[in-house]
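Hello,

Here is the structure I said I would pass on. My notes on it follow below.

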Amino acid sequence: MVKIRSSVSDRVFVAFVHAALGVTGMLVVLPFLYVIAVSLTPFSEVLRHGGFLLVPRQITFEAYVQFLTRSTIPKAYLVTVMLTLCGTAVNLILTTLLAYPLSRKTLPGRGALLVFIVVPMVFAGGIIPTYVIVRSLGLLDSYLSLILPGAVWTYNAIVMKTFFEGMEAGLLEAARIDGAGEFTVLFRIILPLSLPVMTTIGLFYGVAHWNQFFAPIMYLTTRGKYPLQPILREIIMGAENAAVDAVEYSVPPDTLKMAAVVMTALPVLLVYPFLQKHFTQGVLLGSLKG
Amino acid sequence: MKRVFVLFAAMLCAAMPLMATGGAESGAAGKAVPKVTVVGPGDVGGMPAKEADFVGRELSKRLAIDFEFVPILADYMQQINVRIAGGNPPDVFVASDKNHLAQIVQQQAALQLDAYLDQVPTIKSKFTADDLMKGKVDGKLYAIAKRPYMRYGSFLARGDWFQALKLEQPKTLEDFSAVLKAFTFQDPDGNGKQDTFGVTGTDGVNSFPPIYGAYGTVARGQWMIKNNQAVYAVTDPGFRNAVAYIKGLVDAGVVDPELMANKGSAASNKCINGQAGMMYGNFWNFYKPEFDTRIKAVNPKASWVLLDTVSGPGGVRSDIGWDVVSTAGRYVFSSALAKKKATLDGALRLFDYVTTEEGQRLVLYGLENVHYKLQDGRAIPIDEKVKEITYLFQLQFTGRDDFPYLMNKYPWSREPLAFVQKLPYTPIYNGLINNPRDMNPSDMYRYEEEQITKFIYGSAPLSGWNAFLDTMYRTYGLQKYVDQANANLKAAGYLK
């Protein structure tokens, strides 16, 4: 093996790069450590350290128990998980069914269709018109109001369309010569080769559903139907400013707030490592051809 | 390929029951009992689900309605505004403040209630003219204003520090600075380090109401009456002197340097862990049993004292400026109820009932023989059950007689509550004053706060005070606000 001798300036440069990356890494990791440490420490211990610590001295799961035993939490988890699964399924099906025809250059009126879907990407309708549409469709207080209004994101459809366009044309032609129709081509040839883009876009949609906050607070009027994020927000808001000025109301302690953050962010964090391989590939593939 | 299909199929199967939930529940509301939904700011985490809300169920049963209270904490005003604009307002909802109420009335989303007062005889007899006035816009009743909570605030200080340094309670402004200096420089916690501050706070420049009180004035943004005129706090000469005094405290290094950045419970946490010795706040932040346990876990020796007001030049003393027309919430009945008679009647029954003696007992103390026992007509709470009914404050739509209630229900509140009620206060009138039509006070508030912060921290010299007031009048239109205040106060009979 040939060893390349590095000059002093090279080594200084490398050291500098390491230091810069190290600092950036710390900036990302430290807040996480803080959140996790506070969530695992008794509140009195947190206060004793002036509210800031990175390593828990005593470990307690009290805050997690407090969070999980709130009457609204189990249902909220169920709602969020179901919403993420169903919402993502609907998103992927509809996005594929839009992206595939658009990727075929032979589609009549393709240009006009593209303009039709790209314009709303730049000019959205606004909160109140969207609300009025949701109400007129009778979707208020229904979980469909969280899935249907954002069923296809133009950006994702375009990434997927670009990905489909990048597929070997000969492959599709061969299928057609063998007598395959459009649906067979889509489901038998295209989709099995599209795992990277499906996982990437699935992840975009999935995370967005997991983090849904605004749509639930606008469209769901029954309190018991809320998913996790609005409840997380209430816990954090409650700690930020005592909005409810009554003797009976107790501001939730920081430990509960942090436990809530961990419990809502953790499931998504856990999914990333498994999908990372496809994720990187998918994003790159989608972005190379424009 | 197969796997992709299986995945899709599985996701769709999972989707079915979820989607069905939405449709099924909205279809089931076609019963004879009218559904009455009340929406307001509240403790979302603490409010039980509808099925578990035993008092809500009892109200539904007694009043033949299908009642639900929906608390909202985040972005309350925005949610209500979108629902009004989208034509789907809740049956009854809380207006965030007087200006919000005026806006709702202007949008024709509020039902005028004067004609329905006869349907709520208890409210009519129990509410004074002043109580009713809080829900009025241009002389017409558009909201039922919840009777206000009492004053809970005073300076709270570390009693153990007073003892350790052998200090007396401060009586004058000079004593007050001396105490803060001792708390900062004489090592009150005895750890040999200079790691304490005299005072902290959570409300920026408004963190020290009794200091403003000692100068015969009130905190920033408040309206008082002097010489038969509406006076905006910063224009009062006493206010400038109070700012000069607070600047002196900051210069002496006895004020928490993070005063302006403290949010939520940051300041009380600093008092608990011994970084600061004093703050202005609600007494129950330190006296409530669950907080007391927390405090004792951090520092078993910590104890608290409530401070009396201190006297300023000419012996003036006062605690916080207290809004004579304050309310804990204005409940608006949606104008859509005019066409939904059964719901309107149900909502009126609900509001009247929670004001009656029997209804008050239910929404204050829970269920008889479960949460309280009745002895000689008095409700005696069952101690171990009190925790289950903390959420009830959200169902007390017309308020309560706060003093006897707290004294009876929370023994720990007796002493501090009685103390705080005796503190002298300055009446303020913010709840009566509308925003002028062609002026936006929020721009003025921001400028005002920034400037006062600069004066306090010395980045602008106090000699610039008159120029500051001049800008308030000339650039931000303070005069229009003053004229508006005078007109409102005159109309309400507070000015001759």
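Between chain B and chain A there are 5 residue pairs in polar contact, both residues at pLDDT 80 or more. A polar contact is a pair of N or O atoms within 3.5 Å; within protein, one must be able to donate a hydrogen and the other to accept it, and residues adjacent in sequence count only if both atoms are side-chain atoms.

On the side of chain B that touches chain A, α1(B) supplies the largest share, 12 residues. Helices (H or I, at least four residues) and strands (E, at least two) are DSSP runs, numbered from the N terminus. The residues on that side of chain B divide into 34 nonpolar, 17 polar and 11 charged. Here Ala, Val, Leu, Ile, Met, Phe, Trp, Tyr, Cys and Pro count as nonpolar, Asp, Glu, Lys and Arg as charged, and the others, Gly among them, as polar.

The contact (heavy atoms within 4.5 Å) takes 62 residues from chain B and 56 residues from chain A. The count of salt bridges between the two chains is 0, a salt bridge being a side-chain nitrogen of Lys or Arg within 4 Å of a carboxyl oxygen of Asp or Glu.

Within chain A, residues of α8(A) including Asn156(A) and Phe163(A) meet residues of α11(A), among them Ile201(A) and Tyr205(A). That contact divides into 9 nonpolar, 1 polar and no charged residues.

This is a predicted model: local features need pLDDT of at least 70, side-chain atom pairs count only at pLDDT 80 or more, and totals for chains, interfaces and linings use all residues. Residues are numbered from 1 along each chain as its sequence is written, chains are lettered from A and ligands numbered from 1 in the order in which they are written, and side-chain values use heavy atoms, with hydrogens and water left out.

Regards
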